Amino acid sequence: MNELNELMRNLLWLPKQASDYARSVDHLHFFVFGSAMIGAWTVVATTLVFIVRYRRRHALQSTEHVEPKPVHEAVFIGVPLALFLAFFAIGYPQYVELQTPPKGASDVYVMAKKWMWKFAYPGGPNSTDVLRVPVGRPVRLLLTSRDVIHSFFVPALRLKQDALPGRYTQTWFQASEPGRYPIFCAEYCGLGHSAMLGELVVMPAAEFDAWLDEQRRSNQVAAQDGQPVAAEEVDIRGNLVEQGRRIAAMQGCFKCHTVDGTQHIGPTWLDLYNRKVKLEDGRTIVADEAYITRSMMEPNAEVVAGYKPVMPTFQGKLSAPEAAAIVEFIKTLRTDAPTAEPQKGPIYVPISGK
Amino acid sequence: MSPSAASEAVYNSPNYLNAEAGIRSWLTTRDHKRIAVMYLGLVVAAFALGGFFALLIRVELLTPGPTIMDAMTYNRMFTLHGVIMIFLFMIPAIPGVFGNFFLPLMLGAQDVAFPRINLFTVYLYLIGAAIAVWGMIQGGTDTGWTFYTPYSTTTVTTVAPVLLGAFILGMSSILTGVNFIVTIHTLRAPGLTWMRLPLFVWAIYATSIIQVLATPVLGMTLLLVAVEKAFGFGIFDPARGGDPILFQHLFWFYSHPAVYIMVLPAMAVVSEVVQAFARKNIFGYKAVAFSSLGIAFVGFFVWGHHLFTSGQSTFASGIFGVLSMFVGIFTAIKVFNWTATLYKGAIHVAAPFVYFLGFLYFLMFGGLTGIALSTVSLDVHWQDTYFVVAHFHFIMVGATIMAFLAGLHYWWPKMFGRMYSERWALAAAVLVILGFNATFIPQFLLGNMGMPRRYYSYPEQFWPLNVASTAGASLLAFGFLIVLIYLVTSLVNGKVAGPNPWGSRGYEWNTPSPPNVLNFPETPVITRGAHEYQDPPAEATHAH
Amino acid sequence: MHTEAAGSPHLAHHFPSLEQQEHAARMGMWLFLSTEVLLFTVLFTAYAVYRYLFPVGFEAASRLAHVAVGATNTVVLITSSLTVALAIYYARRGDSRKTVALLAVTIAFGAVFMVLKAYEYHHHFVDGQLPGKFYHYAGLKGPGVSMYFTLYFLMTGLHGLHVLIGMGVLAWVAARAARGEFGRAYSTPVELGGLYWHLVDLIWIFLFPLLYLL
């Protein structure tokens with residue numbers, strides 16, 4: 001049975017089934033696909049047989065008027081109806097199951113915003129774009145959006161739920177296979193819609209518990225509703241550049257700013273420090289510490305020419321030391337710098353076998 | 001006189017095309033046939049424009065990263081493609097061209113009920129199209145044709161012109177629907193009872209009902225979006241107590257029936273084509289006629305299947321899912337009846353029939369993917385992925401456009417008095433069908449893999465199927481281009497057609513090719529249904 | 001069998017008889033009116049949804065509407081429907097003077113309606129009872145209140161626009177009546193104009209209780 005499952009899954013280019021629910025949905029898929037193919041190709045074959053058998057032999061050939069018997073229409077209606085209702089009778093309960101999280105599921109708050117995913121564990125750490133969950137335990141997601149409608153989509157789980165502004169929606173899953181699975185945004189939300197990629201990391205339960213403990217021990221603040229707050233405080237005595245890089249990654253800066261010179265939604269950070277930049281209002285200024293800091297706090301005040309004013313403000317989200325750490329990091333991004341460490345946010349490792 | 005000389009004589013005598021010359025006579029015409037030809041020019045131009053944007057989209061998707069444009073341009077491209085194809089082609093094309101031309105001819109009438117309003121719809125189309133296209137190009141609308149709030153009410157791009165343009169186009173659609181309904185009720189020739197109506201008329205009737213009842217809802221909904229964007233009244237803004245999902249319900253309340261506005265006329269056309277080319281009366285006339293009404297009716301109650309993942313209640317999703325199955329049943333009835341019409345027929349495989357086959361197969365496979373989507377749990381995975389894109393393109397291109405081409409080839413000699421090259425037509429039909437498959441089957445698989453819609457860039461595992469799809473699209477475009485070329489050249493070089501080159505017993509063939517300005521010198525009296533091909537031949541349609 | 005000779009100058013070439021043409025015109029008008037109803041249905045639906053979500057806010061806000069003015073307007077419109085129905089009656093009898101007079105009275109009632117509406121709007125503006133983000137009336141705050149006014153202005157505004165359109169249509173019909181075009185044989189435009197006006201009245205009859213009384 002497992003081989004048949006894998007055969008059909010590969011035939012239909014479906015991703016790995018990372019939960020039992022995904023497997024059930026796929027079984028329905030195979031049933032629907034199989035019966036639809038049988039029915040449709042039967043009709044195709046019938047038409048081809050008729051075309052050959054009843055081809056026109058002379059121009060004014062006449063044909064008889066064939067009236068259907070009630071049994072014909074009964075079959076034409078009854079057979080598809082029975083089949084379609086069978087599909088529905090299997091699929092709808094699956095949907096109901098998906099909409100009904102079990103008691104005892106642990107919660108994760110998901111906040112979607114242009115163009116990133118923020119996850120927050122109650123009492124636990126926050127993260128951007130990477131959601132870690134344990135294998136074999138039900139997880140309920142409570143989703144909302146900060147701006148427009150987004151949609152949280154994990155193909156491997158066959159799971160999707162819209163994240164709406166102004167209210168919470170919910171969904172749940174129980175992962176059965178450790179691994180890394182892509183998260184996509186499935187509701188068009190603007191420029192960064194296709195860049196709003198995340199990663200679901202399913203870990204063995206013990207590993208997950210250990211990770212969660214470690215995060216909480218070093219955590220100062222735990223937000224309940226996914227408000228973006230840096231998980232660790234900046235240690236002034238430590239490596240500011242490294243901390244700046246980490247904070248920038250966590251705050252999602254790399255969604256819009258590259259570090260290797262590539263054109264993207266915001267100006268690249270490579271060689272930004274002390275660069276002469278032309279602004280939208282025609283002035284030319286130097287991107288020094290003050291300008292970079294101001295761009296984080298009041299991003300629409302001095303927009304670089306050719307870029308859209310879409311950067312959100314980090315006022316209240318970055319403390320002064322954190323902003324400074326980011327500036328220090330930016331200062332090291334020079335084309336002649338010996339060690340520029342490109343960090344493009346979460347690295348998605350393609351899962352093997354589609 | 002030899003048959004061809006007789007045809008030439010008919011062709012060169014005054015007909016609706018050459019009776020009055022000059023642009024002004026066309027722009028002020030009240031003749032439904034001239035109005036139909038104007039619609040043909042307009043919708044073909046719209047199709048070419050929408051198709052051009054589709055090709056640009058597919059070229060951009062040739063590589064996972066940026067290929068020929070940036071993200072903002074891409075988002076504007078798919079908006080342009082969707083708005084133009086749906087509002088400027090899919091909704092108006094078959095009713096505007098074939099409905100206008102053939103409804104009066106099939107009813108034994110001299111024109112539609114309101115000829116001046118008919119002309120007015122052409123101008124509404126032009127104005128609405130101009131405003132919408134100008135707005136999208138100049139202001140760069142990037143919302144997609146679905147205008148979901150709050151993105152559409154907060155985007156920096158201009159949305160008002162395209163909303164206004166769509167509103168005006170909606171008025172054109174509504175007035176066409178009103179015109180056709182009244183025509184069918186009040187201008188049937190004596191003896192033409194409802195049960196003798198050509199199936200084309202039944203399906204156009206059902207379409208017109210949807211146009212009249214559904215379009216105003218869209219018009220008002222789009223107006224509310226424009227008002228909200230301009231003034232911030234907050235009807236869809238959660239910060240002021242509004243609900244963005246209300247927009248989705250209102251929008252899809254029109255836009256789901258709208259897809260039946262797009263597919264019912266296609267079904268109308270193929271009912272005629274299959275009877276003519278199988279030279280046989282339809283199997284199950286009543287079932288086919290009433291299933292059109294069934295689709296129109298049930299189609300109003302299924303809009304929530306676009307909202308399965310929106311946070312809609314589980315119960316509502318169940319209702320919408322099961323009702324969606326029923327629409328599929330009406331379509332299944334038609335598919336079986338069209339197939340059964342071939343039984344004991346006298347089938348002639350010419351270009352219109354090849355397009356009919358394409359229509360039948362793509363409607364069937366595409367419709368079945370629609371049923372699959374209605375099972376709710378499967379839709380959760382497929383919603384907003386390329387699976388849905390492939391599904392609706394199977395119906396819109398695979399079914400509707402094949403039917404449009406079937407009708408165009410079937411009725412070309414009647415409308416223009418010329419035959420096109422059958423060899424080129426068959427070759428193009430094969431190209432179109434192959435190109436279509438190559439374009440959209442990979443998209444089903446992309447959807448299964450999980451590639452979302454409206455993605456400008458994508459992860460590498462989606463690369464090969466995207467390349468395949470783009471290759472198919474080029475083939476498809478090439479096929480369409482060939483069709484355009486040989487049809488246009490046939491107007492100059494084509495063999496002059498007689499009144500009935502196909503030997504069809506549809507009522508409209510009892511006129512010269514092309515028809516005169518005055519459809520019928522005397523009101524016909526109908527004594528039998530259309531498309532009766534028994535031996536001895538049934539009575540002629542007209543008693544003189 | 002020949003098509004009936006066109007005895008009336010109003011008979012179009014494609015209709016076999018004037019009676020059939022008028023039947024078609026009336027059917028077309030009814031279909032068009034149903035599209036107008038559906039246009040308003042969107043707003044009624046939004047009203048229903050938000051009333052359900054904000055029952056307290058809506059009830060409180062609707063007390064700020066001027067019931068006396070609204071009631072007067074209701075009487076004005078209902079009376080105008082009577083006068084337009086009378087206009088149709090006299091048009092059919094060929095009495096063009098009475099037809100024109102009654103149409104003029106109907107239009108005048110329409111103008112009275114618009115003036116009273118303007119008076120109401122002015123008061124709401126002055127008090128800050130405005131839609132959505134413009135709402136700043138200090139006397140009543142809370143969820144749903146600004147939404148009530150959003151719907152109030154959208155629904156009465158769209159209705160007012162249709163009153164103006166109706167007045168225009170009736171003026172055009174009156175001009176034709178003044179030229180003596182209507183009589184026993186032909187009075188369709190008066191009927192159709194009257195139908196439109198009745199719809200405008202009917203919509204108000206639904207708006208008034210929803211916005212003022214509930």
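Across the interface of chain A and chain B, the rule finds one salt bridge. By salt bridge I mean a side-chain nitrogen of Lys or Arg within 4 Å of a carboxyl oxygen of Asp or Glu. Glu64(A) pairs with Lys344(B), and their closest N and O atoms are 3.8 Å apart.

Some ground rules. This is a predicted model: local features need pLDDT of at least 70, side-chain atom pairs count only at pLDDT 80 or more, and totals for chains, interfaces and linings use all residues. Residues are numbered from 1 along each chain as its sequence is written, chains are lettered from A and ligands numbered from 1 in the order written, and side-chain values use heavy atoms, with hydrogens and water left out.

Back to A and B. Contact means heavy atoms within 4.5 Å. Chain A brings 80 residues to it, and chain B brings 94 residues. About 7,400 Å² is buried between them, with carbon and sulfur atoms giving 69%. Buried area is the accessible area (1.4 Å probe) that two parts lose on being put together, summed over both. Which three residues supply more than any other three of the area that chain A buries against chain B? Trp13(A), Arg56(A) and Tyr188(A), with 11%.

Two pairs of chains are in contact, and chains A and B share the most contacts. Chains A and C do not touch; their nearest C-alpha atoms are 14 Å apart.

Now helices, meaning DSSP runs of H or I, at least four residues, numbered from the N terminus. In chain B, take H3 (residues 32–60) and H4 (residues 71–90). Their axes come within 9 Å and cross at roughly 150°. Axes are lines fitted to C-alpha atoms over the stretch in contact, and angles run from 0 to 180 degrees between N-to-C directions. H3(B) and H4(B) are therefore roughly antiparallel, the word for angles over 145 degrees. The contact includes Phe47(B) and Phe53(B) from H3(B), and Phe78(B) and His81(B) from H4(B). By class, that contact has 16 nonpolar, three polar and one charged residues. Ala, Val, Leu, Ile, Met, Phe, Trp, Tyr, Cys and Pro count as nonpolar, Asp, Glu, Lys and Arg as charged, and the others, Gly among them, as polar.

Last, chain C. H1 (residues 18–53) and H6 (residues 188–213) pack at about 15°, axes 10 Å apart. That makes H1(C) roughly parallel to H6(C), which takes an angle under 35 degrees. Their contact residues divide into 18 nonpolar, one polar and five charged.

Definitions and conventions:
Helices (H or I, at least four residues) and strands (E, at least two) are DSSP runs, numbered from the N terminus. Angles under 35 degrees count as roughly parallel, over 145 as roughly antiparallel, 65 to 115 as roughly perpendicular and the rest as oblique.
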